[in-house]
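Below are some questions about the terms used for a protein model, with answers that set each value against its definition.

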Amino acid sequence: MVLDPFYPIFDSTNWLRRLVPLGIKLVQLRIKDKSEAELRAEIRAARALCAAHDCQLIVNDYWQLALEEGCDFIHLGQEDLDEADLGAIRAGGLKLGVSSHDEAELDRALALKPDYIALGPIYPTILKKMKWEQQGLPRLGEWKARIGDIPLVGIGGMSVERAPGVFAAGADIVSVVTDITLNADPEARVREWIDITRAHVTDKIMA
């Protein structure tokens, strides 16, 4: 499976309705602190929207609901892995992305044979308080050398301006949150992201 290099993360389907039709082909729905009924409704709506726009939906954390709602891809953080039934996830045919922040977490992620591995935060991030220092660009190259053909996602403090350097350092995919959601014109910013990541794909093909 080839994943798009532009990977935004949104905390509601309202963002997906607004921005996915612009040409987003890979998106994560990351919702916290909602009831099960609300989560199910959001996941169901996101799945239908993404299907209509040929966009790969990745559901953060709620793997049981993802399975029940017919989704095919989830993302789990290291804490989520502690509670997830990995056997049921694989039996259900779910593809899996995993977060990593240090060598031990990378080893754990690799043992799961995931469909991608995320490394972060590459730059300082305001999204959430993290116990890890920023990883920096050189770590991306180290991780990519370790994981080989598994897609590597760079996340944390990402911006359109930083994206070329992140790709050059070894990332296959750049994941972004606040550079879009806190932008004065999210639609224009998404178009910038699509342009720069498509240019990266073209450069790879030409190389």
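Helices here are DSSP runs of H or I with at least four residues, numbered from the N terminus. The model is predicted.

Q: What makes residues 186–206 count as helix H10, and what does helix H10 give to the second largest pocket?
A: A helix is a DSSP run of at least four residues, and H10 covers residues 186–206. Helix H10 supplies the largest share of the lining of the second largest pocket, three residues.

Q: Which residues line that second largest pocket, and what is its volume?
A: The lining is made up of Met1, Val2, Leu3, Pro5, Lys144, Asp149, Pro151, Asp172, Ile173, His200, Val201 and Lys204. The volume is about 190 Å³.

Q: Why are H6 and H7 called roughly parallel?
A: The axes of helix H6 (residues 103–111) and helix H7 (residues 137–147) cross at roughly 30 degrees. Angles under 35 degrees count as roughly parallel, and H6 and H7 are therefore roughly parallel to each other. Their axes come within 12 Å, and the crossing is right-handed.

Q: How do you know that H6 and H7 meet, and which residues are involved?
A: Contact means heavy atoms within 4.5 Å. On the H6 side are Glu103, Leu106, Asp107 and Leu110, and on the H7 side are Trp143, Arg146 and Ile147. These contact residues divide into four nonpolar, no polar and three charged.

Q: What makes the largest cavity a cavity rather than a pocket?
A: In a cavity a 1.4 Å probe fits but cannot get out, whereas a pocket is open. The search of the whole structure finds one cavity of 30 Å³ or more, and the largest cavity has a volume of about 30 Å³. Leu29, Ile31, Leu39, Ile43, Val59, Asn60 and Tyr62 line this cavity. Helix H2 (36–52) and strand S3 (56–60) each supply at least two of the lining residues. By class the lining has six nonpolar, one polar and no charged residues.

Q: What is the omega of the bond joining glycine 120 and proline 121, and is that bond cis or trans?
A: Omega is about -5 degrees, and the bond is cis. Proline 121 sits in the loop between strand S6 (116–119) and H7. Most peptide bonds are trans.

Q: What is noted about the phi of aspartate 33?
A: Phi of aspartate 33 is near 60 degrees, a positive value in a residue other than glycine. Most such residues have a negative phi. Aspartate 33 lies in the loop between strand S2 (26–29) and H2.

Conventions:
Residues numbered from 1 in each chain as written. Predicted model: local features only at pLDDT ≥ 70, side-chain atom pairs only at ≥ 80, totals over all residues. Heavy atoms only, no water. Axes fitted to C-alpha atoms, helices over the stretch in contact; angles between N-to-C directions. Parallel < 35°, antiparallel > 145°, perpendicular 65-115°, else oblique. Left-handed = near helix turned anticlockwise from the far one by under 90°. Nonpolar A, V, L, I, M, F, W, Y, C, P; charged D, E, K, R; others polar. 1 Å grid on protein atoms, 1.4 Å probe; cavity = no way out; pocket = protein on both sides within 12 Å on 5 of 7 lines; lining within 4 Å. Points joined across faces, edges and corners; volume = space filled by probe spheres on them.
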